[in-house]
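Here are some exercises to work through with the model open in your viewer. Try each task before you read its solution.

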Amino acid sequence: MNIIVCIKQVPDTTTKVRVGKDGKHIDPGGVKFIVNTYDDFAVEEAIRLKERFGGEVTVISMGPERVKEALRMCLAMGADKAIQLWDPAFEDSDPYTTALILSKAIQQLPYDIIFCGKQAIDRDTMSVPVYLAELLGLPQATLVVKLEVDPNARKFIAYRDIEGAKEVIEGLLPAVISTQWKLNEPRYPTLPNIMKAKKKELKELNAAALGLDSAQVGEKGSRVKVLSMELPPPRSKGKILKGDPREVCRELVRLLREEAKVI
Amino acid sequence: MDFDLTEDQKLIQQTVREFVQKEVAPYAAYYDEREEFPEEIFRKLALINFFGIIFPEEWGGVGADYVTYALAMEELAAADGSVALSALAHISLCSNHIYLAGNEEQKRKYLVPLIQGELLGAWGLTEPNSGSDAKSLRTTAVLDGSEWVLNGSKMFTTQGTVCDVVVVMAITDKTKGHHGISAFLVERGTPGFSSVKLRNKLGMRGSDTAELIFENCRIPKENLLGQEGQGFIDSLRVLEGGRIGISALAVGIGRAALEESIKYSKQRVQFGRPIADFQAIQWMLADSEVELEAARMLTLRAAYLKDRGLPIKKEASMAKLYSSRACVHAVDRAVQIHGGYGYMGEYPVSRYYRDAKLCEIGEGTSEIHRMVIAHQLLKE
Ligand SMILES: Cc1cc2nc3c(=O)[nH]c(=O)nc-3n(C[C@H](O)[C@H](O)[C@H](O)COP(=O)(O)OP(=O)(O)OC[C@H]3O[C@@H](n4cnc5c(N)ncnc54)[C@H](O)[C@@H]3O)c2cc1C
């Protein structure tokens with residue numbers, strides 16, 4: 001099987017993020033980057049399919065020089081090839097243009113199935129996998145928690161957790177699958193595989209190589225724009241009510257109703 | 001001059017950090033309390049091939065360098081000092097001795113499974129009456145037909161009661177001084193070989209430390225490791241690499257202590273302010289940071305020189321001496337910053353405090369390393 005995984009490099013959840021001077025970007029200074037948490041499930045599922053049915057796993061990421069580190073991590077986990085998509089014109093791409101760029105790269109490759117994490121933990125838009133399936137004209141299953149693939153029948157069955165129920169859907173391959181917690185337990189890269197990762201192919205493609213012109217991508221090609229970004233207000237101190245239990249309860253109910261407005 | 005790590009070094013550092021923080025650190029207090037060897041943890045470390053870092057791929061190793069080893073050891077020690085000490089004895093002493101001195105057959109039989117974590121290794125040089133003066137060891141090995149017969153005892157052997165194989169130094173020719181000392185491979189269960197776990201250590205309680213006893217212990221002739229009469233000389237080479245490991249181990253424990261100190265000093269409020277606001281506390285944090293960073297640099301430099309095949313006798317001793325002191329200082333400050341809570345064992349700093357002291361004793365005491373350094377200076 002030819003398996004493709006789209007991954008994103010995002011700030012580590014434990015990093016303290018700051019908003020940049022322009023008020024529209026995260027300040028990358030001092031930020032530690034990791035492979036997006038949900039993409040780990042995608043990479044793991046891809047490697048498992050390869051181990052079962054044979055074939056090749058190609059990981060693709062759009063982003064600047066630093067995303068190579070994330071791609072290497074995926075190669076260390078067991079992916080075979082990596083492609084970095086970058087061009088200064090890609091800066092400030094929205095989810096639509098990101099998917100467009102990814103789709104152009106994918107169209108140059110043979111593929112039977114495409115995996116994405118269900119969302120990136122930085123922007124949380126959950127939309128790239130959906131756009132991607134649309135642009136490639138493929139069936140899709142999002143937020144998948146269990147997956148069965150039959151490469152001969154060219155079919156998949158995907159299990160999804162939906163509000164209060166489980167949904168089971170069947171579709172044709174090739175398809176785009178977005179991965180959710182519970183799908184699998186991503187492996188740690190072994191140390192020898194980390195050493196071998198640098199011998200694996202890591203290709204770079206720019207706008208021209210993808211047949212894109214700069215008006216289609218980046219901020220120009222985008223359909224949504226980030227106007228501003230701000231940190232959530234710092235959490236205010238908790239209040240401790242003291243005194244007669246009856247009084248305290250009365251006061252608590254009043255505060256919940258009038259101040260917190262939750263009841 | 002280049003202070004940047006390579007991509008491989010960074011990726012391994014990051015992978016080991018994530019792995020040990022999740023799979024090792026949460027259990028450190030459990031094993032420490034029970035003075036139990038964490039077999040389960042060792043099995044997990046084998047999954048990512050931790051024991052193969054410094055060995056070439058042809059023996060199933062990772063083929064990484066000593067800088068990577070130092071980085072990984074720092075991470076492991078920051079998670080659990082005892083596990084790091086056990087891993088160090090397994091990798092740097094036992095496995096590395098076999099790698100440096102063993103023949104093909106011995107490497108296939110012992111080194112490969114040691115690297116895979118299928119066998120657990122130990123290394124015994126120290127004896128009850130021979131510590132710093134290691135040359136004065138008394139255990140003997142006499143060739144009797146096709147077997148060596150070992151008699152004597154070994155002291156403070158890490159992994160002594162849990163190991164599958166131990167490298168033992170013994171006298172094969174009394175007349176030749178340290179050129180009469182040879183190394184042997186002894187398997188667990190060999191008749192005449194027994195061991196006793198030494199309990200109630202100050203720290204490193206999750207690491208198994210034992211006395212080994214050899215009473216007419218017969219091992220096959222081919223279990224001689226390296227040339228006859230070369231055992232002590234080989235030991236010195238083995239210890240040289242081990243010093244980089246223990247130096248990194250000290251940095252790791254010290255770093256964990258500093259990280260806990262930073263966290264706690266921001267949380268603990270006295271006189272209406274977090275104690276981190278007090279200059280007295282800030283100075284302690286600053287001193288630990290500076291000393292640990294200097295220790296890390298000495299360690300990585302010794303590793304860097306070793307990777308280039310340059311002499312590291314003085315540099316490895318300097319790293320070991322300085323890092324162990326920096327570690328002891330850092331854990332001392334950490335308990336001080338935690339006050340009574342630090343002393344009571346509720347926070348990990350009390351364990352760091354107990355574990356740290358080993359770094360100034362094991363793999364050569366601080367006094368011995370000063371002697372080595374001075375000897376190099378005066379000789380030059
Ligand atoms: C937890 C633990 C694990 C260990 N694991 C192993 C192991 O796996 N394998 C192994 O072989 N050994 C192991 N050791 C032994 C360790 O290497 C020795 O303890 C160490 O070398 C010191 O020897 P000693 O304890 O006999 O102290 P001694 O040599 O008796 O030293 C006592 C004191 O005298 C000082 N001193 C000695 N000679 C001089 C001198 N010439 N000048 C100035 N001062 C001097 C020392 O520095 C020290 O302060 C371990 C020890 C411990 C505590």
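**Exercise 1: the ligand shell**

Among the 16 residues around the ligand, those that come nearest are T126(B), S132(B), T158(B), T365(B) and E367(B); a residue is near a molecule if one of its heavy atoms lies within 4 Å of it. Before going on, note that this is a predicted model, where local features need pLDDT of at least 70, side-chain atom pairs count only at pLDDT 80 or more, and totals for chains, interfaces and linings use all residues. Residues are numbered from 1 along each chain as its sequence is written, chains are lettered from A and ligands numbered from 1 in the order in which they are written, and side-chain values use heavy atoms, with hydrogens and water left out.

Task: work out which parts of chain B supply the shell around the ligand.

Step 1. Start with the elements, where helices (H or I, at least four residues) and strands (E, at least two) are DSSP runs numbered from the N terminus. In chain B, β1 (121–124), β3 (147–158) and α11 (366–379) each give the shell at least two residues. The largest share is from β3(B), with three residues.

Step 2. Now go up to domains, with bounds from an automatic or database domain assignment. Domain 2 (122–229) and domain 3 (232–379) of chain B each provide at least three shell residues.

Step 3. Sort the shell by type: six residues are nonpolar, eight polar and two charged. Here Ala, Val, Leu, Ile, Met, Phe, Trp, Tyr, Cys and Pro count as nonpolar, Asp, Glu, Lys and Arg as charged, and the others, Gly among them, as polar.

**Exercise 2: polar pairs**

Task: find the distance from a ligand nitrogen to the side chain of T158(B), then look at T365(B) and E367(B).

Step 1. For T158(B), a side-chain N or O atom is 2.8 Å from a nitrogen atom of the ligand.

Step 2. Switch to ligand oxygen: one such atom is 2.6 Å from an N or O atom in the T365(B) side chain. A polar side-chain atom of E367(B) also lies 2.6 Å from a ligand oxygen.

Step 3. Check the cover: of the 970 Å² of accessible area (Shrake-Rupley method, 1.4 Å probe) that the ligand has on its own, the protein covers 64%.

Conventions: A polar contact is a pair of N or O atoms within 3.5 Å; within protein, one must be able to donate a hydrogen and the other to accept it, and residues adjacent in sequence count only if both atoms are side-chain atoms.
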